[in-house]
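Okay, thanks for coming, everyone.

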Amino acid sequence: MRIDIITLFPEMFEMLETSIPGRAQKSGSLSLHRHQLRDHAINKHGQVDDSPYGGEAGMVLRPEPLKAAYDKVCGELAPVKPRVLLMSAQGPVLTQKRLQELAEIGNILIICGHYKGVDQRFCDAYVDEEVSIGDYVVSGGELPAMVLIDAVARLLPGVLGDSESAETDSFYRPGRLGWPVYTRPQEFEGRSIPEVLLSGHHENIRIWRLLESLRLTRRNRPELLEKEEITQEELELLRRFPLESEG
C-alpha cells in the first residue's frame with residue numbers, strides 16, 4: 001500500500017518510522033511519501049494561503065499550490081489515481097469499519113488541512129472524501145493523518161505478529177469496546193485476575209469476554225449499543241448472566 005501526504009510539516013511524520021507503521025514500511029507492506037506544500041507556493045515568499053472572502057478571521061489554503069502538489073503526486077502514480085482524503089473537522093468521523101475499507105485500497109493521497117481550512121473549489125474538484133477523527137479541532141491535519149495511517153498500517157497483511165490481536169481490538173466488532181486484559185503477576189497489590197482466565201475453559205473465557213465487552217460498552221459508550229443491534233448470542237448470554245447495575 002502506498003500513502004502520499006501533502007503537508008506543510010512533513011517532518012512531523014518522522015514518528016511514523018517507529019512502532020507498527022515503521023514495521024509496516026520495513027516489511028514493504030506500506031510506503032509513505034511526504035510532499036511539502038510550500039514547494040508549490042505562489043511566490044518566492046512561500047505563500048500557500050490567503051485571507052478568506054467575506055471578511056472571516058483566519059487564513060485559507062489557496063487552491064493553486066494544492067492543485068500543483070496534487071498533479072505532482074498523480075504524475076508519479078500515473079496511470080493509477082489515488083483515493084484523495086482531506087483531513088477535516090467537517091468530515092464524517094473515522095470508524096474501524098472505514099479503516100478496514102481503506103486498508104484494501106492500494107493508493108491513498110492524504111491532504112492535511114491547515115489554518116481556517118482549504119479553498120472549497122479544490123475540495124469540490126479533487127477531494128474524494130473528508131475525514132475527521134473526532135468532534136474537536138486540532139491545529140492542522142497532520143496529527144489526524146498520523147492517526148489514520150497508524151490505524152490502517154496495523155490492518156495490513158503480515159504487519160502484526162498475530163493477526164488476532166487486531167481482531168480483538170475495540171471497535172473491530174462494530175459497536176463494541178474490548179474487554180479487560182491481564183498479565184503476570186497473578187496478584188498485584190492485593191488484586192487478583194478473574195478466576196475464569198485461569199480455568200483453561202475456552203468457552204467460559206469467551207463468554208466472560210463477550211459479557212465484559214458489553215459491560216464496558218454500556219458503561220463508557222452507551223450510544224454504541226443504540227447504533228448496533230444486540231446479536232442473538234448476546235441476548236441469550238444476557239438472559240443467563242444479567243449485567244450487574246453500576247452506580
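Let's start with Asp119 and Arg121, whose side chains meet in a salt bridge at 2.7 Å, N to O. By salt bridge I mean a side-chain nitrogen of Lys or Arg within 4 Å of a carboxyl oxygen of Asp or Glu. Asp119 counts as buried at 16% relative accessibility, while Arg121 counts as exposed at 57%. The cut-offs there: buried is under 20% relative accessible area, exposed is over 50%, and partly exposed is in between, with a 1.4 Å probe and protein chains only. Elsewhere, salt bridges with shared partners link Arg83, Lys97, Arg98, Glu101 and Glu129 into one network.

Quick housekeeping. This is a predicted model, where local features need pLDDT of at least 70 and side-chain atom pairs count only at pLDDT 80 or more, while totals for chains, interfaces and linings use all residues. Residues are numbered from 1 along each chain as its sequence is written, and side-chain values use heavy atoms, with hydrogens and water left out.

Back to the pairs. Searching the whole structure gives 19 salt bridges. One of them joins Asp4 to Arg2, with the closest N and O atoms 2.7 Å apart. Here Asp4 is buried at 1% relative accessible area, and Arg2 is buried as well, at 17%. Then there's Asp50 with Arg62, at 2.9 Å between the closest N and O atoms. Asp50 sits in strand β3 (residues 49–50) and Arg62 in the loop between β4 and α2 (63–77), so this pair ties together parts 12 residues apart in sequence. Helices (H or I, at least four residues) and strands (E, at least two) are DSSP runs, numbered from the N terminus.

So what about a charged residue that is buried yet has no salt bridge? That's Glu142, and the nearest side chain of opposite charge, Arg38, is 9.5 Å away. Glu142 is in helix α5 (residues 142–153). Its side chain does make a polar contact of 2.7 Å with the side chain of Thr7; that term means a pair of N or O atoms within 3.5 Å, where, within protein, one must be able to donate a hydrogen and the other to accept it, and residues adjacent in sequence count only if both atoms are side-chain atoms.

That's my tour; over to you for comments.

Conventions. Lys and Arg count as positive and Asp and Glu as negative; His and the chain ends are not counted.
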